[in-house]
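These are my notebook entries on one protein. I wrote down what I looked up, entry by entry.

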Amino acid sequence: MSFLTLSNVSKRFTDFDAVKEFNLDVEKGEFVSFLGPSGCGKTTTLRMIAGFESPTSGTIRIAGEDITERAPSQRNVGMVFQSYALFPNMTVAQNIGFGLRIRKESEDALRERVDEMLSIIHLEQKGNSYPYQLSGGQQQRVALARALAIRPQVLLLDEPLSALDAKIRLSLRAEIRAIQRQLGITAIYVTHDQEEALSISDRIVVMSHGRIEQVGTPFQIYNFPETNFVAGFVGTLNTVEAEVLDSKNGLLRMDGVQFKTSQEEMKGRSAGDRIRMSIRPERFSFVTEQNRKDNVLDCIIENITFLGSVVRIQVKIAGVIFNMDTFNNPFLELPKIGDKHQVTCSQEAVMVYSGEASA
């Protein structure tokens with residue numbers, strides 16, 4: 001039985017539907033991320049779980065109890081906001097203990113819990129400091145500790161790292177995940193950052209225009225996208241328009257060049273159908289005697305870009321530019337711009353979706 005359940009939840013504002021028929025079951029202790037572009041409904045859904053927005057229809061249950069109509073103060077949920085939302089006139093310890101004081105916890109219990117939270121977020125020496133005396137990362141840790149201090153059934157995090165610089169984001173997201181695992185708390189995390197969602201989630205809910213596009217593990221979302229939107233939004237993708245040549249044998253044609261995909265991708269398709277063909281950059285490699293795969297394609301090197309641990313090579317195949325990624329190393333032999341080469345990829349690397357697309 002799921003711990004947090006959203007059943008047919010919708011939210012309509014005056015002139016548009018922000019969330020449409022949202023259904024999700026979250027297990028106890030699971031870390032689930034809502035991922036999507038701005039305006040897709042992920043924050044609205046989070047606010048409905050918190051009680052800050054009321055669903056137009058549908059029900060929300062935690063541990064089997066219907067909380068759809070309960071006020072935020074009557075739901076045992078903790079919320080971490082993007083803007084920290086700390087009280088500037090309170091010390092770190094007072095901020096962390098605020099929810100406990102509202103719940104009229106004893107002073108001894110309050111002090112013990114605050115000390116425990118300070119230890120968990122590694123700010124034991126900052127209890128008497130004020131928010132303005134802390135860095136952005138430290139302030140967000142305090143906001144996290146305040147949300148956790150009340151022992152919520154569900155922890156909600158609304159893009160909590162978007163105001164921080166890149167290095168702090170990397171370390172703090174790892175801390176958040178470690179704390180969530182340590183406490184075994186159920187967490188819902190809202191983000192538009194695909195790398196963030198892929199790195200910390202048990203499951204990801206990809207959303208677009210108020211609807212769920214796909215729910216799955218990071219591995220499933222990245223490697224087996226179920227819609228063209230998911231394939232394009234998560235990770236870098238080469239997407240071109242192609243035509244089905246032979247559905248039985250998985251043959252496609254793009255500007256006179258033939259590609260082969262798996263039979264699974266061709267179910268329900270017929271010769272002549274216009275489709276979107278997508279290939280991830282890392283699925284390409286230069287042809288060698290050892291790695292010749294189902295698709296061997298003539299190309300011209302257009303550009304080479306260093307991206308740190310990855311080198312991105314742009315190749316032109318039949319007039320269309322494709323990105324190919326390879327791991328960087330000090331002994332990597334790179335081609336020259338303008339060189340003619342052959343690249344290869346497996347049939348499983350060629351993903352197919354209905355509809356037309358420009359290169």
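**Entry 1: contacts and overall build.** I looked up how far apart in sequence the contacting residues are. Among contacts between residues at least 6 apart in sequence, 66% join residues at least 24 apart. I note that the model is predicted. For secondary structure I found 9 helices and 20 strands. The C-alpha atoms fill a box of roughly 75 × 50 × 35 Å along the principal axes.

**Entry 2: surface and burial.** The protein has 359 residues, and 48% of them are buried.

Entry 3: I picked I62, which sits in strand 4, residues 57-62. Is I62 buried or exposed? I62 counts as buried because its relative accessibility is 2%, and the cut-off for buried is under 20%. Next I listed what I62 touches, leaving out residues up to four places away in sequence. The list is F3, L4, I67, V77, Q153 and V154. I also checked I62 against T5, which is 57 residues away along the chain. Their C-alpha atoms are separated by 6.5 Å.

**Entry 4: the largest pocket.** I then turned to empty space. Rolling a probe the size of a water molecule over the atoms shows where such space is left. The largest pocket has a volume of about 500 Å³. Which residues lie nearest the centre of the largest pocket? They are V77, G78, M79, G99 and I150, out of 17 lining residues. V77 is also on the contact list of I62. Strand 6 (77-80), helix 3 (98-102) and helix 5 (136-149) each supply at least two residues of this lining. By type, I noted 11 nonpolar, 3 polar and 3 charged residues in the lining of the largest pocket.

**Entry 5: the second largest pocket.** The second largest pocket has a volume of about 400 Å³. This pocket is lined by 17 residues, and N223, F224, P225, E265 and M351 are the closest to its centre. Helix 8 (218-223) and strand 20 (351-354) each give at least two residues to the lining. Which element gives the most to the lining of the second largest pocket? Strand 20 does, with 3 residues. I sorted this lining by type as well: 7 residues are nonpolar, 2 are polar and 8 are charged.

Notes: Residues numbered from 1 in each chain as written. Predicted model: local features only at pLDDT ≥ 70, side-chain atom pairs only at ≥ 80, totals over all residues. Heavy atoms only, no water. 1 Å grid on protein atoms, 1.4 Å probe; cavity = no way out; pocket = protein on both sides within 12 Å on 5 of 7 lines; lining within 4 Å. Points joined across faces, edges and corners; volume = space filled by probe spheres on them. Helix = DSSP H or I, 4+ residues; strand = E, 2+ residues; numbered from the N terminus. Nonpolar A, V, L, I, M, F, W, Y, C, P; charged D, E, K, R; others polar. Buried < 20%, exposed > 50% of the residue type's maximum accessible area, 1.4 Å probe, protein only. Contact = heavy atoms within 4.5 Å.
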